[in-house]
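Have the model open in your viewer and follow the selections below in order. Each stop gives something to select and says what is there.

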Amino acid sequence: MHIFSIIFPLIFIVALGFSCCKLKFFEQQHIAGLSKFTFYISLPAFLFLNMSQIDLQQSISLSAFLSFYIPVLSVFALGILVDRCYLAKQKNYQQHSVFGLASSYSNMVLVGIPIIIASLGKEMIAIAFMIITFHSTLLFALTYLIGAKGSEHAFSWSSFAKSMVLNPIVLSIGCGLILNVSGIVLFDNLAKSLELLATPAIACALFVLGANLAFYKIAANWQPALIASLMKIFLLPAGVFLIGAYAFELDREILNVLVLLSASPVGVNAYLIASQIGQHQVTLASAVVLSTVLSVISFSFWLSVLL
């Protein structure tokens, strides 16, 4: 399949969402409502149905897990060092940890899954679910824990665990996994209803991504955002490719999934974490925009290498 034919439909939907907001056809409150439907109803239905139906033997792989998360943690640590040695004027663990998050946190659900479905086929998203389940939990916990070292407020495992368990993405994948393991089959009418809700999930997710980009701006101090973006969409997938191909010698199809997931731009949730901690908010907002725009080049490059 030609790279252009894979990328164009996704870019078109993102650009449509962006244009509709820039032209004031949709206001921010309209997008907020669409986002709520997408993230709390449509995407969870999509993830739940697919997780309940996948072949778990093909989706669970320790080698794949390590091939993805060894580079992710390495780039996270490198981001902390870059911020400490080059960007920050003084030692600030909260600031360093947030920049580490910006350099390593992928927008897998909004961008990674659509790219995988378009280029590799829907059957290949099984391995992606295993990665997505632990992605936010691991990186957010690390960000809070490292940040707590220089903060007066202790990290609360109970509140963090509660927020992760109630996260609609984690919850839907978890419930789908339980259904899959237990062997319970949904009765036809319920399954068809969930399929109707799940059908617009990918299109809505891409549209919302583009629409939200219209509300972010690239700040005057764009250099830190550019550094984080380049680390995220070029350095991280290169690390995943090298570790997966040469250290663990993964099956080519699994390797393709992992590289495309890691090449996804910086996730919007990283900006929300930065806002909660109160560090690098401008950098994260700019990195979301920059990495999303630059991911067109990144995905084109990696698709040409992989396919």
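**Stop 1: helix α14**

In this predicted model, select Gly-278, the residue that follows α14; its phi is positive, near 85°. Then step back to the helix itself, residues 268-277. Which residues of α14 are buried? They are Val-268, Ala-270, Ile-273, Ala-274 and Ile-277. To see what covers them, show α5 (93-104), α7 (125-148) and α15 (281-306), which are among the covering elements.

**Stop 2: Asn-107**

Next select Asn-107, in the loop between α5 and α6 (108-120). Asn-107 counts as buried because its relative accessibility is 7%, under the 20% cut-off. Its side chain reaches the backbone nitrogen of Leu-110 at 3.5 Å. Beyond neighbours within four places in sequence, Asn-107 is in contact with Gly-112, Leu-209, Ser-264, Pro-265, Val-266, Gly-267 and Val-268. Val-268 was also on the buried list for α14.

**Stop 3: the nonpolar cores**

Now select Phe-68, Ile-116, Phe-129 and Ile-132, the residues with the most contacts inside the largest nonpolar core, which has 91 residues. Which helix gives the most to this core? That is α7, with 11 residues. Centre the view on Phe-129: leaving aside neighbours within four places in sequence, Phe-129 is in contact with Leu-47, Asn-50, Met-51, Ile-54, Ile-113 and Ile-173. To finish, select Cys-20, Cys-21, Ile-31 and Ala-211, which are included in a second, separate core of six residues.

Notes:
Residues numbered from 1 in each chain as written. Predicted model: local features only at pLDDT ≥ 70, side-chain atom pairs only at ≥ 80, totals over all residues. Heavy atoms only, no water. Buried < 20%, exposed > 50% of the residue type's maximum accessible area, 1.4 Å probe, protein only. Helix = DSSP H or I, 4+ residues; strand = E, 2+ residues; numbered from the N terminus. Contact = heavy atoms within 4.5 Å. Core = buried A, V, L, I, M, F, W, Y, C linked by side-chain atoms within 4.5 Å. Polar contact = N/O pair within 3.5 Å; in protein donor to acceptor, adjacent residues only side chain to side chain.
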